[in-house]
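Welcome! Below are some exercises to work through with the structure in view. Try each task yourself before reading its solution.

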Amino acid sequence: MFQLFNNLQHQRCFTSLTRFCHSQPHASVDTLIGINKSKGITPSQLDKDFYKEFGINSDKINSDNCQASSSEQSFKLSDSTNSNIINKYSFPNYTHIASNEAETFKQNEVLPDIFKDSQILNVSTPFDEVPGPKILKTVAQLYSYIPLMSTHMTNAAMTYFLNMLGTNLIWNRSASPFMHMFEKYGPIVRLQGIFGGDIVFISHPEHIQTVFQNEGRYPVRSSLDSIDRYRTQYRNTQILGPFTASGPEWEKQRKNLEATFGTIASQYHGKIENVANQMIARIRTIRNKQEEVPNTFNDDLYRWAFENTCMVTLGKSMGLLDPSGLQITSESVRLLEAVKNASKALRYCESGFQMWRFFETKSFHSLIANCDIIDSIVAKHIRIVQTDLECNKENMSTDDTSLLHLLLLKGELQPNDILTIMLDTFLIGVNSVSHALTFLLYHLSKNPWVQRKAFKEVLRVLPEKDSSLTYTSLLHLPYLKACLQESLRLQPPIPVITRVLPHDIALYSYRIPKGTYMLMTNHVSSLREDNFEDARKFKPERWISEEEDIHPFAAIPFGHGARACVGRRFAEIQLWIMAAKVIRNFHIEYNYGKIQTTTRLIAMPNKPLKFRFAERLK
Ligand code: HEM
């Protein structure tokens, strides 16, 4: 057994390292941190040396407020995607310079407070001194024979042990254990490599920003090992999906997805609206005499998100919301059930103690069986589209094509790549969107004044209950959009975002080495009073009024940078349209206890959603 564990550990570390090296061809160059205060360098001398390293004349810098006096001087930054935010907030100290993929940074931009802290220039504090839970070191020894686990594992272990220590933490309040940890240890917490690489937890927006600015050309996040194993061992393919792939393989998938989602988002809004209309009709059908929907409403929301996804990706209605039930085919039910079961199995495999690594657990078996069903149904659709394209290529109109059509038409991805993309889309997209709608409806129900204000806005674009929404009318719903943004702040479906550092960075006074897993607890950041006024309150106004100065990295439910959510626009369109339709037709109420989130990979509601949808009079 010991030998087996050891082998697994070696194998796993090697795979991770190989993947990491592949994905970071430039990772070893240009690490610009390394100034040692212990050499007796004064802060101003330090500043000068720092600037000299960048080839900048430090005499032009006003060291009191860290603002440059020259307007001409410019730096190069590596992250071309973040230019707006970089222009506003970044400082070159911790950014590696890659001359071939550079962006200009104006030196006279306002710098955030964190960079004015002279302590930040002292990056000599060893990584070993980053505080963290000591008890876990003991636990680490016990578990040292478990091969390198994904960060989700560590995340789960942390929560588990903090609970065991009697810290009165509640499982289903996803942010609480982290909050407690930051209160106890400070803003940067290190979890020593229990399962392989060290993990550093952060929640300050400035720190999160620094990590994103240093994520490199091929950002790496912690993987979903169970789904990767399904692909590599059971489907015998080395191609991972866009969520877990890295390096050039990820970049290729990403470019194709961005292009196709961009086309689809605007063209499909009519179909997405049709699905929303079906959902409204379904709500009317399933309500009881008190106009309350049954315990199983969660499943209806799931069907709605699933129907949208099938419409856009396969170009096919699954008929799952059809009130007559006639359109429902056995294939659509099989696919729906497979997506639901695979999502559930994935949640179990990626949290807790991941025994599937050693033997085929029930959850892992279910994951494989259900992913196989999804793949076989999607593969059938790929073949249908291929035939369709062969016969009708000349007459194809890009107006009415699905994601499958567009990807195959582009011809850059093989059918196997497309299969993996579709699986990720189903497992991540459907779950995140349906849970996001749940919490939006919940917050609207608990805040009648907000709901009233949103209703007045919606009434202008939907004068009648059955009016149609044009694509441009979506532009006139700023308050509704702020409601969604606020709901995603309070309950982000993916509460933790991860990156593996491609090179050393400095956070606070610590030097964090290359290869560290950075766990950015976006949910904690979103709930902190120093980032948001009345942070636990649902106040959509904060996103439209100028009064509250919100740091751009304080709440990032869709992530950030090159690996930010690729389905964001598609998700938002579904949610805006559905929310507008619901608010126009019903007054939403929820008369039971507080709904909270349970976090197993994706945050979900912990209670049945017995909303009351009271019919509006007109
Ligand atoms: C409210 C709904 C959604 C939320 C809150 C959400 C959130 C996120 C987050 C936080 C990430 C990680 C970002 C990062 O690491 O910086 C992500 C990645 C991703 N999301 Fe979403 N997502 C949503 C809906 C969707 C939908 C509808 C799809 C597809 C149809 C989708 C597909 C993906 C994919 C493929 C990735 C990986 C992107 C990459 O690594 O390049 N998501 N999402």
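**Exercise 1. The chain as a whole**

What share of the contacts in the chain with a separation of 6 or more do residues 24 or more positions apart account for?

*Solution.* Before we start, note that this is a predicted model, in which local features need pLDDT of at least 70 and side-chain atom pairs count only at pLDDT 80 or more, while totals for chains, interfaces and linings use all residues. Residues are numbered from 1 along each chain as its sequence is written.

Step 1: two residues are in contact if their C-beta atoms, placed from the backbone, lie within 7 Å. Step 2: among contacts with a separation of 6 or more, 72% join residues 24 or more positions apart.

Step 2: The chain has 20 helices and 14 strands.

Step 3: a residue is buried if 20 or more other C-beta atoms lie within 10 Å of its own, exposed if 12 or fewer, and partly exposed in between, with C-beta atoms placed from the backbone. Of the 618 residues in the chain, 47% are buried.

**Exercise 2. Around the ligand**

*Solution.* The ligand is surrounded by 26 residues, and the closest are Gly429, Ser432, Gly559, Cys565 and Gly567.

Step 1: helix H16 (415-446) and H20 each supply at least two residues.

**Exercise 3. A closer look at Cys565**

Is Cys565 buried or exposed?

*Solution.* Step 1: locate Cys565 in the loop between helix H19 (522-527) and helix H20 (568-585). Step 2: Cys565 counts as buried because it has 20 C-beta neighbours inside 10 Å. Step 3: leaving aside residues up to four places away in sequence, Cys565 touches Phe558 and Gly559.

Step 2: check the record. An unreviewed UniProt entry lists Cys565 under "binding site"; UniProt positions are given in the numbering used here, feature names are shortened, and annotations may be inferred rather than shown by experiment.

**Exercise 4. A four-stranded sheet**

In what order do the strands of the open sheet of four strands lie?

*Solution.* Step 1: two strands pair if DSSP finds at least two bridges between them. The order is S5-S6-S10-S7, with mixed pairing. Step 2: strand S5 (188-191) and strand S7 (497-500) each have a single partner strand, so one side of each lacks a neighbour in the sheet.

Step 1: S7 pairs with strand S10 (residues 517-520) in the antiparallel sense over four bridges. Across this pair, Arg499 stands opposite Met518 in S10. Step 4: S7 is covered on both faces, with Ile497 and Arg499 buried on one side and Thr498 and Val500 buried on the other.

How values were computed. Near = placed C-beta within 6 Å.
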